Amino acid sequence: MSTAADSSRVADAARKVVQEHDPTSVPTREFLAACFDAGLSWVHFPEGLGGLGVSRGLQSVADGILQDAGGPVPFALNPIGYGMAAPTLREHARTDELKREWLRPLATTENIWCQLFSEPGAGSDLAGLATSAVRDGDEWVVNGQKVWTSLAHRARWALLLARTDPDAPKHKGLTYFVVDMQGPGVETRPLRQMTGQAEFNEVYLNDARIPDAHRLGEVGDGWRVAMTTLMNERSSIGASGSRRGTGTIADAVALWASRPDLHTPVLEDRLTKLWLRAEAQRLTSERSRATATVGGPGPEGSVGKLVGAELNQQVYEFCMDLLGPEGILYDDYTMRDMERTDDWRGPLQQRFLRSRANTIEGGTSEVLRNILGERVLGLPGDLRADAGKPWKEIPRG
Amino acid sequence: MADQQETRPFVFSDEQRELRTAVRKFAADNADEQTVRRLMESDPGFDAKAWTRLGSELGVLGLSVPEEQGGVGGTLVDQAVAVEELGATLYPGPVFGTVALAIPALVAASDGPVRSELLGPLVEGTRTAAVAVADRAGAFDPAAVTVRAARAGDDWALSGTVERVVDAAAADDLLVAATGPDGVALFAVDATAGGVERTPLTTLDLTRRQATLRFTDAPARLLAGPDEAERVIGHALVVGSVLLAVEQVGASQHLLDLTVEYAKGRLQFGRPIGSFQAVKHRLADMLVDLEHARSAAYHAVWALGDGSDDPALAASIAQATCSEAFSRIAADTIQLHGGIGFTWEYQAQLYYKRAITDAALLGSAEQHRARIARLVLDTASGDGAPSIATG
């Protein structure tokens with residue numbers, strides 16, 4: 001089928017959903033269920049699993065119609081669910097029944113998802129992680145500590161990467177699971193960050209049990225499965241926002257416009273440079289959406305993540321420099337849990353502090369530049385001290 | 001190619017991909033590095049026969065000329081594809097004067113015998129042109145016109161000097177902005193006519209030559225009168241800015257490919273230098289700059305065709321982004337090649353000089369950013385500004 005025909009098929013389906021389930025009057029979950037049933041949650045997924053089997057570039061056609069009619073941005077309501085869990089489940093869940101069982105409540109946001117990847121001893125070197133999963137009959141017993149887990153306190157399900165073979169080289173001994181966050185042996189504690197708030201959690205796994213049916217992919221194949229998740233994470237972080245002047249840059253431009261008393265030519269050019277970079281990145285996202293193929297997102301999604309993160313920091317640094325002495329006050333360092341994912345969009349100073357994490361979370365800028373260098377440009381890898389060694393012999397600390 | 005008007009932004013058609021392949025092959029055959037070097041050190045600085053083949057056989061010099069004006073009726077996207085590929089090899093020929101400026105100016109002018117007479121040979125590549133319009137940051141400023149036009153029977157006589165006109169030394173036709181009794185108009189001057197004095201200049205970039213033009217009662221024919229000259233020249237400058245941006249993208253891509261290959265093959269400390277993160281990360285940044293430049297340039301190309309954006313803003317975004325990207329990528333190409341990158345023998349210097357030249361033509365990145373500030377920041381609203389904590 002031609003792209004034009006697919007495009008009108010997507011548009012027709014979206015218009016029908018909007019017509020039959022007015023997003024401004026029906027509950028969000030009902031609307032999102034209708035989107036899932038119509039194949040508009042991820043248009044490139046198979047029919048019956050929230051998609052229509054068309055090119056992922058056509059997602060923007062569906063989103064445009066649904067959101068213009070007042071529909072929610074589902075990614076904002078269940079970011080890890082939509083951005084990372086869904087593509088991983090679609091590709092690697094063991095049965096179609098499980099896929100459907102997980103994907104539909106994920107799409108409706110009834111079930112929030114989180115990911116249990118990073119550990120205190122495994123950040124950029126994720127494949128070095130130590131949380132163990134030991135087979136016990138048709139179950140797995142999991143022990144370890146995870147960190148930087150957003151939404152763990154609200155999540156029903158988690159994506160877990162655990163070590164099942166400590167004698168194998170680090171990438172070979174990992175297996176990927178889905179964990180019930182409400183099951184026994186899973187304890188979530190808030191992790192306070194430099195803003196004073198607790199947006200993330202630590203998750204302690206003490207003899208948590210997972211049925212083997214909830215394993216994604218083969219035993220020992222967890223790294224390859226995790227790549228599906230991570231590539232989608234970077235792509236989803238990098239590809240959001242499509243109207244000119246929206247996103248973080250809007251904060252700086254609005255602040256600039258509201259404070260003519262603070263204008264100087266030097267600051268003006270600094271802001272224009274930031275606006276230009278934001279616009280060039282927006283156009284790059286548009287271009288990569290327009291030319292996206294049916295296949296999954298490639299490492300070029302790393303461009304968006306890299307630029308977006310550095311731009312966020314530069315935008316808020318600009319705002320702080322514009323304000324000068326007015327900027328060095330704060331609202332409240334009382335620790336509180338974050339209820340919604342966008343709670344951090346508080347006062348400017350909070351956004352400024354929060355942006356320091358942007359170049360660390362979801363792949364540090366250093367790692368992203370390695371990815372661009374090695375996977376996109378094809379440059380040789382760096383020397384690795386741990387290459388080929390059994391995981392248990394690799395120095396850690 | 002007329003049905004390509006409706007293509008989706010950023011998506012090239014199969015015909016456009018074939019066009020790219022054809023121009024790339026032509027450039028590889030006719031503008032390899034040795035040829036470029038030979039031509040840049042001889043006169044007139046390009047291979048006139050190859051230029052004619054580019055126009056007559058490949059038909060890529062006036063791709064966006066409408067069919068009723070004798071063109072193939074393609075789009076600016078088609079033209080951009082060709083210019084990008086010519087830019088990748090620093091194709092020595094009057095791309096800037098003829099393809100980027102003169103042909104767009106002629107297309108925008110009202111129909112008439114002068115236009116008809118000039119356009120065909122330029123598109124065919126049998127004649128070349130230069131545009132003698134002093135721009136201010138890529139925009140037309142009537143107050144900056146330094147040539148005066150006086151009536152001479154049915155035609156006109158031009159007097160005055162225009163400095164640093166790209167591709168003018170070898171051009172057959174000169175399009176000249178001059179102030180007449182009724183205001184600024186655009187005239188056509190035969191470059192070999194009496195009263196035209198051309199002083200070739202030694203340029204930083206030997207592959208993109210310039211000359212200063214001195215007119216002394218030079219015979220001229222009216223191309224666009226005061227009622228439309230500003231629109232015609234403005235159109236040419238915007239199209240020229242966008243095609244220049246695309247050329248910068250083509251050259252930048254060549255440099256990134258070149259430098260990546262070098263970093264893979266050059267061994268120091270027993271390993272390819274591209275395996276060192278200091279080198280790898282600089283290459284990653286070059287890639288990001290190139291991707292941004294490509295997106296900004298293509299956006300402008302499509303926006304000028306489908307009216308989806310303010311042409312002046314789109315052109316300034318493209319110019320500000322591409323000038324900076326090409327300059328930085330060219331500088332980093334020298335840096336990452338080390339000593340060899342600084343030599344006369346190695347090609348990096350040719351591209352670096354083109355980058356510096358292109359950045360200065362039709363407005364610098366800084367001038368375009370200043371325009372963007374006027375268009376975007378001055379009209380911005382303070383609504384939705386983040387709250388500021390007050391302690």
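Reader: How far apart do the C-alpha centres of domain 1 of chain B and domain 2 of chain B lie?

Author: They lie 22 Å apart, in what is a predicted model. The bounds come from the domain assignment, with domain 1 at 2–128 and domain 2 at 131–227; domain 3 covers 231–377.

Reader: What makes up the contact between domain 1 of chain B and domain 2 of chain B?

Author: Contact here needs C-beta atoms within 7 Å, and 21 residues from domain 1 of chain B and 19 residues from domain 2 of chain B take part. On the domain 1 side, helices H2 (33–40), H5 (95–108) and H6 (113–124) of chain B each supply at least two residues, with H5(B) giving the most, 6 residues. By class, that side holds 13 nonpolar, 5 polar and 3 charged residues.

Reader: Why is H4(B) called largely enclosed by the rest of the structure?

Author: Buried takes 20 or more other C-beta atoms within 10 Å. In H4(B), 13 of the 13 residues are buried, so the helix counts as largely enclosed.

Reader: And how do you know that the span of helix H4 (residues 76–88) of chain B agrees with what it should be?

Author: Set the two values side by side. At 1.5 Å a residue, its 13 residues should span 18 Å, and the end C-alpha atoms are 18 Å apart, so the two agree. Just after H4(B), by the way, Leu90(B) takes a positive phi of about 55°.

Reader: What makes a set of residues the largest nonpolar core, and which have the most contacts inside it?

Author: Membership goes to buried residues of the listed nonpolar kinds, joined through C-beta atoms within 7 Å. The largest such set has 170 residues, and Ala132(B), Val176(B), Phe187(B), Val242(B), Ala297(B) and Ala300(B) have the most contacts inside it. Helix H7 (residues 229–265) of chain B gives the most to this core, 19 residues. As for Ala132(B), leaving aside neighbours within four places in sequence, its contacts include Val162(B), Leu174(B), Val176(B) and Leu213(B).

Reader: What about chain A: how many residues of chain B are in contact with how many of chain A?

Author: That's 43 residues of chain B with 47 residues of chain A. H8(B) brings the largest share of the chain B side, 13 residues. That side divides into 23 nonpolar, 14 polar and 6 charged residues.

Reader: Where does UniProt place "domain: Acyl-CoA dehydrogenase/oxidase C-terminal" in chain B?

Author: The unreviewed entry puts it at residues 232–376 of chain B. In the model this span is 80% helix and 3% strand, and its end C-alpha atoms lie 25 Å apart.

Conventions. Residues are numbered from 1 along each chain as its sequence is written. Chains are lettered from A and ligands numbered from 1 in the order in which they are written. This is a predicted model: local features need pLDDT of at least 70, side-chain atom pairs count only at pLDDT 80 or more; totals for chains, interfaces and linings use all residues. A residue is buried if 20 or more other C-beta atoms lie within 10 Å of its own, exposed if 12 or fewer, and partly exposed in between; C-beta atoms are placed from the backbone. Helices (H or I, at least four residues) and strands (E, at least two) are DSSP runs, numbered from the N terminus. Two residues are in contact if their C-beta atoms, placed from the backbone, lie within 7 Å. UniProt positions are given in the numbering used here, feature names are shortened, and annotations may be inferred rather than shown by experiment. Ala, Val, Leu, Ile, Met, Phe, Trp, Tyr, Cys and Pro count as nonpolar, Asp, Glu, Lys and Arg as charged, and the others, Gly among them, as polar. The expected span of a helix is 1.5 Å times one less than its number of residues. Domain bounds come from an automatic or database domain assignment.
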